[in-house]
Amino acid sequence: GSRHGTAAIEHALCRVEVPVLALSIADDPVAPPGARDELLAHLPRARVTRGELPGGASGSPWQRHFTWVREPDACAARVAAWLATQCFPYPDATITSPLRPLDSQGTHHVLA
């Protein structure tokens with residue numbers, strides 16, 4: 001919770017206008033797309049892009065829920081592709097690997 005209470009958080013969320021990428025995991029029993037959409041209902045002004053990542057076919061519900069952590073490539077590629085479509089915060093941003101150092105010429109980079 002917040003020291004300001006739930007009402008203050010909900011009021012603040014209603015004012016969010018930035019782009020939001022909301023991904024769910026296919027066949028995720030812990031957080032199905034309906035749960036994602038319920039959360040997004042608190043962001044009525046945000047420009048939301050919804051998507052789904054492939055899920056793990058086996059394992060416990062929590063193992064399937066965290067497939068994106070154990071196998072991050074699909075998630076990272078989806079986030080990088082989405083970021084490439086955004087002009088925020090730097091229109092000239094380039095997507096780089098988090099392992100590649102930023103260049104010395106001051107180019108703004110978005111790490112994905």
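Here are a few notes on the pocket, the surface patch and the salt bridges in this structure.

1. Before you start, keep in mind that this is a predicted model, where local features need pLDDT of at least 70, side-chain atom pairs count only at pLDDT 80 or more, and totals for chains, interfaces and linings use all residues. Residues are numbered from 1 along each chain as its sequence is written, and side-chain values use heavy atoms, with hydrogens and water left out.

2. Let's begin with the salt bridges (a side-chain nitrogen of Lys or Arg within 4 Å of a carboxyl oxygen of Asp or Glu). Searching the whole structure turns up three. In one of them, Arg45 pairs with Glu17, with the closest N and O atoms 3.4 Å apart. That pair links distant parts of the chain, 28 residues apart: Arg45 is in the loop between H2 and strand E2 (47-53), and Glu17 is in the loop between helix H1 (6-14) and E1. Helices (H or I, at least four residues) and strands (E, at least two) are DSSP runs, numbered from the N terminus.

3. Now look at Asp37. Its salt bridge with Arg36 has closest N and O atoms 3.1 Å apart, and the one with Arg50 comes in at 2.8 Å, N to O. Arg50 sits in strand E2 and Asp37 in helix H2, so this pair ties together parts 13 residues apart in sequence. Arg36, Asp37 and Arg50 are therefore linked in a network of salt bridges.

4. How covered are these three? Buried means under 20% relative accessible area, exposed over 50%, and partly exposed in between (1.4 Å probe, protein chains only). Arg36 is buried at 14%, Asp37 is partly exposed at 30%, and Arg50 is partly exposed at 45%.

5. Arg36 turns up again at the largest pocket: of the 14 lining residues, Leu23, Ser24, Ala31, Arg36 and His65 lie nearest its centre. A pocket is an open set of points on a 1 Å grid over the protein atoms alone, where a 1.4 Å probe fits, with protein on both sides within 12 Å along at least five of seven lines; lining residues have an atom within 4 Å of a point. Strand E1 (19-25) gives the most to the lining, with four residues.

6. Finally, Trp62, Phe66, Trp68 and Val69 form a nonpolar surface patch. Patches like this join nonpolar side chains (Val, Leu, Ile, Met, Phe, Trp, Tyr) within 5 Å, from residues with over 30% relative accessible area and no salt bridge. Trp62 lies in helix H3 (residues 61-65) and counts as exposed at 53% relative accessibility.

Methods. Patch = residues over 30% accessible without salt bridge, like charges linked within 9 Å, V, L, I, M, F, W, Y side chains within 5 Å. Areas by Shrake-Rupley, 256 points an atom, 1.4 Å probe, with all protein chains shown as cover.
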